[in-house]
Amino acid sequence: MEFVVKSGAAEKQKTACLIIGAHKKSLLPSATAIDSITEGYLADVLKRGDLNFKPGHSLMLLHSHHAPFERLLLLAMGDNNKPLTEAEFNQLTTNLASQLRSVNAREVTIAIEEIAVEGKSLHWVTRHVVEAIEYAFYQFDQFKNDTGTSALSKISLKKVILLADRKNAEAVKAGLVQGQAIGNGRNVARTLGNLPGNICHPTYLADEAKALAKKHAKLTTRVLNEKQMSDLGMSSLLSVSAGSEQEARLICMEFKNGKRSARPLVLLGKGITFDTGGISLKPGAAMDEMKFDMCGAASVFGVMNTIIELDLPINVIGMVAAAENMPGGQATRPGDIVTSMSGKTIEILNTDAEGRLVLCDALTYAERYKPEAVIDIATLTGACVVALGHHTTGLLSNHQPLAEELLSASREAMDRAWQLPMGEEYTRQLDSNFADMANIGGPAAGTITAACFLAKFAEAYPWAHLDIAGTAWKSGKEKGATGRPVPMLVQYLLNKI
Ligand code: BES
Ligand code: MN
Ligand code: ZN
């Protein structure tokens, strides 16, 4: 979507569709001005009661005489002249984005200052409105021959004009730039997530990372192949790809744009490009959704795109542990024991608990960057979906200040996360009779024991783990990757500047 910022009086806009706020109690400034040039038309309409003032509702007026705009979209702002709550704002942006998908106009003009949210700046509001529009206009139709039948093919909107007072134009512009970069990064993550396993395999991800580095001078991509990983002793990671025809890859995208002396932040994504479960084979129902088991990796790609677009002055390493988990004659057996790069031995009791097996060696490898912090992002456990559903990302950490930075970023980005506890009692569930640890900790607290497993490999730095099993994609009619938690991670990085 093309966005521009413009100053001027709302009632004077020659636009195909002007979008303003409407309170029940009294008219907002632009509504007052429009009411007067339309000889009381607006007050009449509102008196008639056709607009439900509950935020999330709206009313499209197709003709207002004496007005220079062709349509007027009224956004409900509530009953009592108060700023919106965050939840109301969410309703408003969702409704607005869907209205924009169906409006029969090439451009619209939003009086952005009339959308006021409790305790939030205009910059924040603009950014989230822009993010919501970028999200709603995304389409994944590269494998459809007949794109003419897709819902988005009927979309006419090409340009959104954000109308603001001259003194606020800078804030709106800044919010717009961030919102677009986050929206774009999120959509990059969605596309990688949506690609099927036969196309998006570990080598495909490595090629994407190399292509990104080719386009941007500040990014360098290094890729380890199986031979190189084997030489480093990454037998845990390699035990996952053993049954697959597809070779594993460890991808490191190094973005150096901060002080040379500044320690980098490492983002590490789980990149299982398809998870059959391996010899501990998954049941058939909805197994196609295991193409989404690389959404952690996809979010790392998304963040890298956004920070490149924003040219953030920081050092970030985007790592991806990519492998395909398949059964086969060479596949790892339940009961097999492997030695990780750290030297710790692992008894693989369930080959379907493979995410932690690729991540643990990558966590050890990350030590060479002497990181300020490492955050891994993984569709790690079905248990996390049971605990938090599809709304909230699980957060676990060995460093409370880091956990709090991420929670605060998640609130600001409206990309929800919730911290779960860790501890010795849980770690003991991983005890093995035959090796230093088992790769599963039994049915209780599966998300926590998975994090405790990872923590054993993350002792050298502050570390946090985001379990996005419930939030990375949607099932059912709306099946598709969500691009979460790109907004939270970008906010975390923005807060570092
Ligand atoms: N990728 C899955 C986790 C998953 C399952 C995410 C369903 C989203 C929806 C992961 O590799 C896995 O299979 N985990 C197992 C772990 C168990 C064997 C300890 C799980 O959650 O069942
Ligand atoms: Mn699995
Ligand atoms: Zn998995």
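Biologist: How far is an oxygen atom of ligand 1 from an N or O atom in the side chain of Asp275?

Modeller: This is a predicted model: local features need pLDDT of at least 70, side-chain atom pairs need 80 or more, and totals for chains, interfaces and linings use all residues. Residues count from 1 along each chain as written, chains are lettered from A and ligands numbered from 1 in written order, and side-chain values use heavy atoms, without hydrogens and water. The Asp275 pair is a polar contact (N or O atoms within 3.5 Å). Its distance is 2.9 Å.

Biologist: Which residue puts a backbone N or O atom 3.2 Å from a nitrogen atom of ligand 1?

Modeller: Asp352 uses its side chain, with an N or O atom 2.8 Å from a ligand oxygen. The backbone atom at 3.2 Å from a ligand nitrogen belongs to Thr379.

Biologist: How much of the accessible area of ligand 1 does the protein cover?

Modeller: Around ligand 1 are 16 residues (a heavy atom within 4 Å), and Lys282, Asp293, Asp352, Glu354 and Gly382 come nearest. On its own, the ligand has 520 Å² of accessible area (Shrake-Rupley, 1.4 Å probe). The protein covers 76%.

Biologist: Why is one side of strand 11 and of strand 16 left without a neighbour in the sheet?

Modeller: The open sheet runs 11-12-16, with mixed pairing (strands are DSSP E runs of at least two residues, paired by at least two bridges). Strand 11 (336-339) and strand 16 (437-438) stand at the edges, so each has a single partner strand.

Biologist: Which residue does a cis peptide bond join to Arg484?

Modeller: Most peptide bonds are trans. Here omega is about 0°.

Biologist: What is the phi of Asn81?

Modeller: Asn81 lies in the loop between strand 4 (72-76) and helix 3 (86-102). Although Asn81 is not a glycine, its phi is positive, at about 60°.

Methods. Helices (H or I, at least four residues) and strands (E, at least two) are DSSP runs, numbered from the N terminus. A polar contact is a pair of N or O atoms within 3.5 Å; within protein, one must be able to donate a hydrogen and the other to accept it, and residues adjacent in sequence count only if both atoms are side-chain atoms.
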